[in-house]
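Work through the exercises below with the structure open. Try each task before you read its solution.

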Amino acid sequence: MQTKMYQKGMDNKSMKFTKMQGCGNDYVYVNGFTERVPLEEKPELVRRLSDRHFGIGGDGVIFINPSEEADFEMEMYNADGTRSEMCGNGIRCVAKFVYDKGLTDAEEISVISGGQVKYLQLTVEKTAECPRGLVKKVRVNMGKPVLTPELVPVTIENCSAVIDHPILVDGTEYRMTCVSMGNPHAVIFMEGVKELNLEKIGPSFENHACFPRRTNTEFVEILDRENVFMRVWERGTGETLACGTGCCATAVACALNGLTGNQVTVKLLGGELEIEWDREADLVYMTGPAVTVFEGEVEI
């Protein structure tokens, strides 16, 4: 589906975009090879485009740029205009974007985001109508999980990793496991996740004093040894329907706490992701869908 959208902008220039989603984690994607936006103007533009009432609507904006270190660069912004290092659902959609639009013919690509290179395997579905095929699913090597507190970062002293550690939030004690997958995560295991008032508790976790760069917070309920249910509060955005890096952090935290094996299906409000932690190689793999919603043009 294609559409045109117009809103008052800085100089009334237009910009083409593609709206995409992975498990309901939706972003506005911009081809940085052809669309030029000055860096200093991007935060305000991102806030306008991400607004679900007055803009296109999304969890943020991702610019797909040329790169010398990888095949492509993912320049990612949260909905509030702040930069983010990594998004698992977002990077899968980057892979679909560059293949479906003919920016690459390769079914294995590399993408750099926040200074980190990720390697992606594309599952391409070919049909009589589209013999070249379209990407339906992507497997991402998300790299090594980081547990060292100062690298997550989380300011908990005298420990080599924050695993099942108490944290006091709004007068209630929770137990958290902290993992970085290129961005910080605090994983909280609890019951009653579906009924949790995330709008109330989410900001208190995000801005807690022990997270110097704020944090994404995953609230996780164990279903069995192979399945968990997760809701996520993402820094700079709020609750989203899915978070790929959050699912990876959750799978690592589950295994570290002995709650599941090293392979787990994470069930989200927007779908499911398959996560595998290869503990021998210390690498996390994420597999999930990538979907194009619509394309359009907006005045900036």
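## Cores and strand pairing

The model is predicted.

**Exercise 1.** Find the bridge partner of His185 in strand 12, then describe how the two strands pair.

*Solution.* Step one: go to strand 12, where Asn216 is the bridge partner of His185. Step two: take in the whole pair. Strand 11 spans residues 184-189 and strand 12 spans residues 216-224. They run in the parallel sense, with 5 bridges.

**Exercise 2.** In which sense do strand 12 and strand 13 pair, parallel or antiparallel?

*Solution.* Step one: locate strand 13 at residues 227-234. Step two: check the link. A hairpin of 2 residues connects strand 12 to strand 13. Step three: read the pairing. It is antiparallel, over 7 bridges. Step four: pick out a facing pair. Val232 in strand 13 lies opposite Glu218.

**Exercise 3.** Which residues touch the most other members of the largest nonpolar core?

*Solution.* Step one: take the core, which has 53 residues. Tyr29, Leu120 and Ile275 touch the most other members. Step two: ask which helix gives the most. Helix 4 (residues 244-256) does, with 8 residues. Step three: list contacts of Ile275, leaving out residues up to four places away in sequence. Among them are Cys247, Cys248, Ala251, Val264, Val284 and Met286. Step four: look for another core. A second one is separate and has 21 residues, including Tyr174, Cys178, Leu198 and Phe219.

Methods
Residues numbered from 1 in each chain as written. Predicted model: local features only at pLDDT ≥ 70, side-chain atom pairs only at ≥ 80, totals over all residues. Heavy atoms only, no water. Core = buried A, V, L, I, M, F, W, Y, C linked by side-chain atoms within 4.5 Å. Buried < 20%, exposed > 50% of the residue type's maximum accessible area, 1.4 Å probe, protein only. Helix = DSSP H or I, 4+ residues; strand = E, 2+ residues; numbered from the N terminus. Contact = heavy atoms within 4.5 Å. Pairing = 2+ DSSP bridges.
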